[in-house]
Amino acid sequence: MWTYMLIDRVTIMYIANHYISGGNNRTLMSITMPFSYLQPYVYESTYTIPPEMFIGRRDELLSIQSPTGANLVYGGRQLGKSAMLKKAQYETDDPKAGRVALFVDINGLDIKSSAEKISNELMLKGIVSEITDKQIDATDDWVYLSNQIKMGITNNSINYLILMMDESDKFIDDCKNVNYQPLVCLKDIQQSLSGKFKFVMAGLHDIVKFHRSVALGNNSVISHFSSINVTPFNYDCGRELLTKPLSYLGFSFNNNETVISHILSTTNYFPGLIQLFCSKLIKSMKKYYYEYNESVTPPYNITES
């Protein structure tokens with residue numbers, strides 16, 4: 001939890017000595033908020049973006065959450081793929097309703113290591129029992145794991161399980177060495193438990209290529225998956241992410257669309273870069289105190305300089 005206000009005995013005594021009927025809350029805010037600080041922007045994918053900071057991407061998010069939606073999410077860095085998966089987890093996961101959303105980062109992991117990490121996460125959720133220690137082929141690991149997932153969904157009366165694997169590039173690259181057998185296993189669960197299981201893989205642009213010549217040449221299961229191409233924000237979404245959170249902190253662009261457009265074009269409308277820019281802006285305002293006229297601020301107008 002963020003601590004954004006400190007109310008001490010000095011504050012209480014000041015309000016008591018300057019009592020204003022119906023105006024004490026205003027007094028409290030006036031003498032405490034100018035000394036508060038909050039950094040709402042999150043630009044590193046390792047951290048979870050607060051729900052209120054997730055802007056745009058509603059259609060893409062619904063496709064990820066839907067049992068019949070996309071299985072693949074791809075695009076460049078700083079476009080918010082990880083943020084979408086985590087947002088989908090936040091909105092979907094509800095054990096009381098029998099819905100389980102599992103987010104697993106498999107960055108740099110091959111199919112064997114990915115199976116082990118996913119197995120551990122499923123065990124922590126109580127969906128599968130402890131995986132027996134077998135010395136078996138990596139492909140067979142996924143066959144065994146898929147059977148465990150099927151039994152876990154049935155035995156635990158799970159209505160819907162969505163498995164989201166982030167940074168899947170290495171995993172998919174390794175899948176081609178076993179004729180994409182892990183993906184065949186995942187697709188089999190999804191088809192056999194219609195509406196009760198879905199998997200989503202996210203990665204860079206290479207994820208949609210799938211070594212296309214190999215995949216299509218072998219009539220691979222890969223070509224049957226639907227996908228989402230995550231692109232930069234449009235102007236409206238970029239503007240909202242730039243201006244709305246800052247407005248709650250007391251900053252204003254005074255409807256200067258030239259400055260707003262300049263910032264958005266500099267960040268290429270990438271959500272991650274907009275978050276980075278705004279976080280640096282707030283840090284600079286904290287580090288370098290600007291002398292504002294207290295009688296007319298906030299808002300604190302942001303100019304080109």
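Q: What share of the contacts between residues at least 6 apart in sequence joins residues at least 24 apart?
A: In the protein chain that share is 74%, where a contact means heavy atoms within 4.5 Å. This is a predicted model, in which local features need pLDDT of at least 70 and side-chain atom pairs count only at pLDDT 80 or more, while totals for chains, interfaces and linings use all residues. Residues are numbered from 1 along each chain as its sequence is written, and side-chain values use heavy atoms, with hydrogens and water left out.

Q: How many helices and strands are there?
A: The protein chain has 13 helices and seven strands. Both are DSSP runs numbered from the N terminus, helices being H or I with at least four residues and strands E with at least two.

Q: And how much of the chain is buried?
A: Of the 305 residues in the protein chain, 42% are buried. Buried means under 20% relative accessible area, exposed means over 50%, and partly exposed lies in between (1.4 Å probe, protein chains only).

Q: What is the accessible surface of the chain?
A: The surface comes to about 17100 Å², and 52% of that belongs to carbon and sulfur atoms. Such areas come from the Shrake-Rupley method with a 1.4 Å probe; for residues, only the protein chains shown count as cover.

Q: What classes of residue line the second largest pocket?
A: The lining has 14 nonpolar, seven polar and seven charged residues. Ala, Val, Leu, Ile, Met, Phe, Trp, Tyr, Cys and Pro count as nonpolar, Asp, Glu, Lys and Arg as charged, and the others, Gly among them, as polar.

Q: New topic: how many salt bridges are found in the whole structure?
A: The search finds nine salt bridges. A salt bridge is a side-chain nitrogen of Lys or Arg within 4 Å of a carboxyl oxygen of Asp or Glu.

Q: Why can such side chains pair?
A: Side chains of opposite charge can pair when their charged atoms come close.

Q: Which residue does Glu91 meet in a salt bridge?
A: Glu91 meets Arg58, at 3.5 Å from N to O. This pair links distant parts of the chain, with Glu91 in helix H4 and Arg58 in helix H3 (residues 58-65), 33 residues apart. Glu91 is partly exposed, at 30% relative accessible area, and Arg58 is partly exposed too, at 40%. Arg58, Lys87 and Glu91 are linked in a network of salt bridges.

Q: What about Arg239: which residue is its partner?
A: Arg239 forms a salt bridge with Glu257, and their closest N and O atoms are 2.6 Å apart. Arg239 lies in helix H11 (residues 235-248) and Glu257 in helix H12 (residues 257-266), so the pair links distant parts of the chain, 18 residues apart. Arg239 is partly exposed at 23% relative accessibility, as is Glu257 at 32%.

Q: Where do Lys244 and Glu240 lie?
A: Both are in helix H11, four residues apart, about one turn of the helix.

Q: Is Val230 buried or exposed?
A: Val230 is buried, at 2% relative accessibility. Its place is in the loop between strand E5 (227-229) and H11.

Q: Which residues does Val230 touch?
A: Not counting residues up to four places away in sequence, Val230 touches Arg57, Val73, Tyr74, Gly75, Leu79, Lys81 and Met84. Val230 and Lys81 are 149 residues apart in sequence, and their C-alpha atoms are 7.1 Å apart in space.

Q: What is the phi of Arg57?
A: Arg57 has a positive phi of about 65° although it is not a glycine. Arg57 sits in the loop between helix H2 (24-32) and H3 and is buried, at 9% relative accessible area.
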